[in-house]
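Please look at the sequence and the model below, and keep both in view while reading. The paragraphs that follow turn to confidence and then to pairs of charged side chains.

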Amino acid sequence: MTAVAQKQLVAKALALPRQARAQLACQLLESLDPPEEKISKKEWSRLWKIELEKRIEELESGKVKAIPAAQVMAELRAKYG
């Protein structure tokens with residue numbers, strides 16, 4: 001694909017409604033996983049539940065400190081904006 005064609009494709013994708021862009025993004029991300037690494041939605045949910053429980057425990061125990069979303073976004077805007 002040429003750079004021009006890629007820019008046109010990106011422009012068309014960005015012109016899609018928000019929900020369609022989200023679905024497209026998910027499809028593109030899923031396409032990056034090799035077939036042998038794909039897992040079922042049930043397994044994915046199970047693994048995320050384990051990860052979330054671990055993160056909650058880290059927050060509650062004080063092992064990690066939460067950063068307010070507004071602060072994170074402000075830092076990102078300052079760095080990349």
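The protein has a mean pLDDT of 91, and 98% of its residues reach 70 or more, where pLDDT is the predictor's confidence in each residue, from 0 to 100. This is a predicted model, in which local features need pLDDT of at least 70 and side-chain atom pairs count only at pLDDT 80 or more, while totals for chains, interfaces and linings use all residues. Residues are numbered from 1 along each chain as its sequence is written, and side-chain values use heavy atoms, with hydrogens and water left out.

Confidence is lowest in helix 2 (residues 18-31), with a mean of 90, and highest in helix 3, with a mean of 94. Helices here are DSSP runs of H or I with at least four residues, and strands are runs of E with at least two, numbered from the N terminus.

Which contacts between charged side chains can be found? Side chains of opposite charge can pair when their charged atoms come close. A salt bridge is counted when a side-chain nitrogen of Lys or Arg lies within 4 Å of a carboxyl oxygen of Asp or Glu, and by this rule there are three salt bridges.

One of them links R46 with E43, at 2.8 Å from N to O. Both residues belong to helix 3 (residues 41-61), and because they are three residues apart there, about one helical turn separates them.

K54 and E51 are three residues apart in helix 3, so about one helical turn lies between them. K54 is partly exposed, with 42% relative accessibility, and E51 is partly exposed as well, with 22%.

E51 also forms a salt bridge with R55, where the closest N and O atoms are 2.8 Å apart. Here the two residues are four residues apart in helix 3, which again means a separation of about one helical turn.

Technical notes
Buried < 20%, exposed > 50% of the residue type's maximum accessible area, 1.4 Å probe, protein only.
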